[in-house]
Amino acid sequence: MNRMVIRYASAACFAWLWCVGLVAPGTAQAPYASQPYYVGNQECAQCHQGAGMGYQQSLWWLSQHAKAYASLAMPESKQIARLSGIPVEPQQSPICLGCHSTSAESEDWEREDSFHLQHGVQCEKCHGAGSEYMDESVMRSREASLAAGLIIPTKDDCMVCHIEKGSHDAVLGPSNFDVDKAWEKIAHPTPRRWSYSKPPELPTGDPDLPQITGSHACGECHAGPESGYQYSLWLDSAHANAYATLATPRAREIARQAGIETDPMVTTDCLKCHTTAHYDAAGGAQAGYQWFEGVGCEACHGAGSDYSPEHIMRDSRLASLAGLKTVTHDTCLSCHENAHGKPFDVEEAWQQILHPTKLPPPAEEPQYKTPQILAFHPSGFELYVACEAANAVAVVDVASRSKVAEIPVGGQPNDVTFHPEGNWAYVSNRLDDTVSVIDVAAREVVATIPVGNEPQGLLTDREGKLLYVLNSSIDSISVINTRSLREVKRLEASRNPWALALSPDGSQILVANALSRIMPFREPPLSEVTVIDTDRAVVEYRREVPGANLMIGVDWHPSGEYGLATLNRTKNMVPMTRLLQGWTITNGLAVVWRDGRVDQVLLDEPTMAFPDPTSVAITHDGNFALVTSSGSNRIAVVDLQKLIAMLQQATDDQRQRIIPNHMGKATEFVVKHLETRDSPRGIRIAPDGRTAWVADALDDSLGIIDLQQMEIVGRVDLEGPQEITKARFGERLFHSGNNTFQRQFSCKSCHPNGHIDGLTYDIEADGIGFNPVDNRTLRGILDTAPFKWEGSNPSLSRQCGARLAVFFTRIQPFDAEELAAVDHFVCTIPRPPNRYRPLGAPLTEAQRRGKMMFERTHTNDGQRIPELGRCITCHPPPMFTDRQLHDVGTQMWLDTHGVFDTPHLNNIYDSAPYLHNGIAETLEEIWTKYNDEDKHGVTNDMTKDQLNDLIEYLKTL
């Protein structure tokens, strides 16, 4: 572990060697051969404790740093995590642990058995993994200790974690962190005449009695919400501090008044009530017991070696027989009664130390349904609806128009389809990377199929032999054998495959891909409709759709002559000021002909756009298409005969250049608009052809359309909560185009699923083409301020308010209440789990080598890399951004400046293209094509294999 491995330290703690003048800050570090590992504060305490070393260990144990991990059990921590887009327990999140513990980013093999993550921000958080420098012979040599990995932190290191975080300020209030005052507070200088102090000798105990295991052994089970966070509650208690308090001046004064002249930290009369082992030696202490832990669990409950096995603890009678003591008020009074003349209220104290096994039930948050895509059972009697927020499928009885069941499935279900025989339903779970197989008769999941990353649309072939699943995040299509429920092949799609439709004769499947191909710099978008031959289960054609992106809905005309796909036409290369001419994002349909031609038409009309076309369904007679606009809460009724006639009467030039951009043509074939509830998504025609059903996602309901009248005639309540939370209100605003001039687009138009649309934009009115900027994700951004590539927006409120009005909406988009709601929703957009390194998984060999490259301080030939030339300097964990502006040599001829904000690297594999202007198509190109001068990290000495390893590691962040 080298100097920069720990450069993200959350607090600066001086090593005693620096204090006595043996090591100076800023000293160069030479490379060393062995791989250091973390030993834990117990090993540091062997020397850094007692009067001779200024009680350094005890000062740390009494500090907030030692309680940093335990603080993650507080209810406020859950609120902060939610505002950071963290969907897991804070004590399990690498983002939270990155600042609240030591070595959170390391693997198990990099930690000695004596190291405990639960001890928060320990010595090695600031001073580096200690295995190589902890030996006294090394620590006495300045050169040797630095070469072995000892780090002398600075105040800048403190700010990596203590820098203002929007999520923390929103819950806890402004931190007003003063690094100079904090530096003084956590100082632990070594006396001028220092000496080693031995820890107190542990009592021998009776070998026939159970042994003391130490509180950490108890904490192995008594942790987390399922155990009431008992271990964290103890870590944060006065009991845990009991031994460390003996190092305070107050303790020495109390001892003096009691006639004790020796150091309280080694005096048996003091230790018997301030430590576990001296209170009751029992059978002695096991190796895992830590003498500085104070009054641990076993001081009250008895030595635990015999009752600690789980099978015994689960049986109260067996546990009692094995030595588990029942704690009473008398247990407390044995130490606290008349202690040092202080009054003691045993009842009040009893309430303070309560640590029940089960937490009180948390306040229930409204559990919305958020219906996405729906599918009719082949019989037409039932309708299944994928409810993303509820992790369930709603079952609707078509005749009674009512919800009759809800089937739990995987995380974030988005699409559902039936086997042609009607016995099985298949549901794509985007969060879990799985497909749930539902037994329709039993209404329960009977199998789960692993597929690719973030599965979206899915559909069987006509015979039901194969199931096609679109893996949106990795641009592929899983082909599943429905008998074996195994993947038999994987097809290549275009970028972000989203929706698919089977041709009337069953011979082809059209796949609409949400993102444009990654295009050369300053080239317009180019999307694709992928055509699958179902007889051979291969990709047969790739139909190009120039100028289009966000193609997320598709359906076939019953004639089989063509299909329709929804699309956006984003004019990302002209300044956003063209919004006044209706020329920023236009919205419409692609007509994909069977012979390979592709036409494009707009559904926008002058002064009234049709933002975010999402889904399309064609009536059984082929006369009409119904298209949902999730951004305007409308459904467009398209007369297909008029549409096709208009295209056929046009010249080839008109069909290629004019009609795709003509905002008046929709008036010729859009015969009606139907008003829906909030954010209509999926729409389907009932098997009898009489009605169409639409999922109003942010209303938790379905609208029913009479196709004869072309009117919404009914509604099905999916039984979501009636309360509209701040986040739900913000979600509705985020998906609405009502706040944009002429309702041209919504926030979602550029940030589908809170992520990216993969395009580079010309935003500011500084001339055509100047200062292009790559779109950046909104997932987990609250704590990465400032915003914009230039770092000019200090807060989300400015980003979503004033900036939005000036450059995007051309009107004041939100009032104060709306702006607060939008900001709140954006903060809660969850970070998907990293697909290259599941939580807690070890690194692969390639990723491990890449980590060494990411953290290296020297080139291949041994030259020291300047700090600003090291990856980890600007990208320190846990956010992997220092939130500063840097010139990394990427300024190009269209840029008026070359200093840019450091982006965070979380899930960086999923946000191509890269660099401020999107010029790098892949992570590799950042360094192979755009880092000639080594200004974006020193990388030109790397071999191809080393760069490949670095990329593999970056994907794990």
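Reader: Over the face of which residue does Arg597 lie?
Author: This is a predicted model with residues numbered from 1 along each chain, where local features need pLDDT of at least 70, side-chain atom pairs count only at pLDDT 80 or more, and totals for chains, interfaces and linings use all residues. Side-chain values use heavy atoms, leaving out hydrogens and water. A charge sits over a ring if NZ of Lys or CZ of Arg is within 6 Å of the ring centre and within 35 degrees of the ring normal. At 4.8 Å from the ring centre, Arg597 lies over the face of Trp593.

Reader: How far from the ring centre of Tyr541 is Arg543?
Author: Here Arg543 lies over the face of Tyr541. Its distance from the ring centre is 4.0 Å.

Reader: Which residue in strand 8 is the bridge partner of Ile438?
Author: Strand 7 (residues 434-439) and strand 8 (residues 444-450) run antiparallel, joined by 6 bridges. They form a hairpin with 4 residues between them, and Arg443 in the turn has a positive phi of about 55 degrees. Across the pair, Ile438 is bridged to Val445.

Conventions:
Pairing = 2+ DSSP bridges. Helix = DSSP H or I, 4+ residues; strand = E, 2+ residues; numbered from the N terminus.
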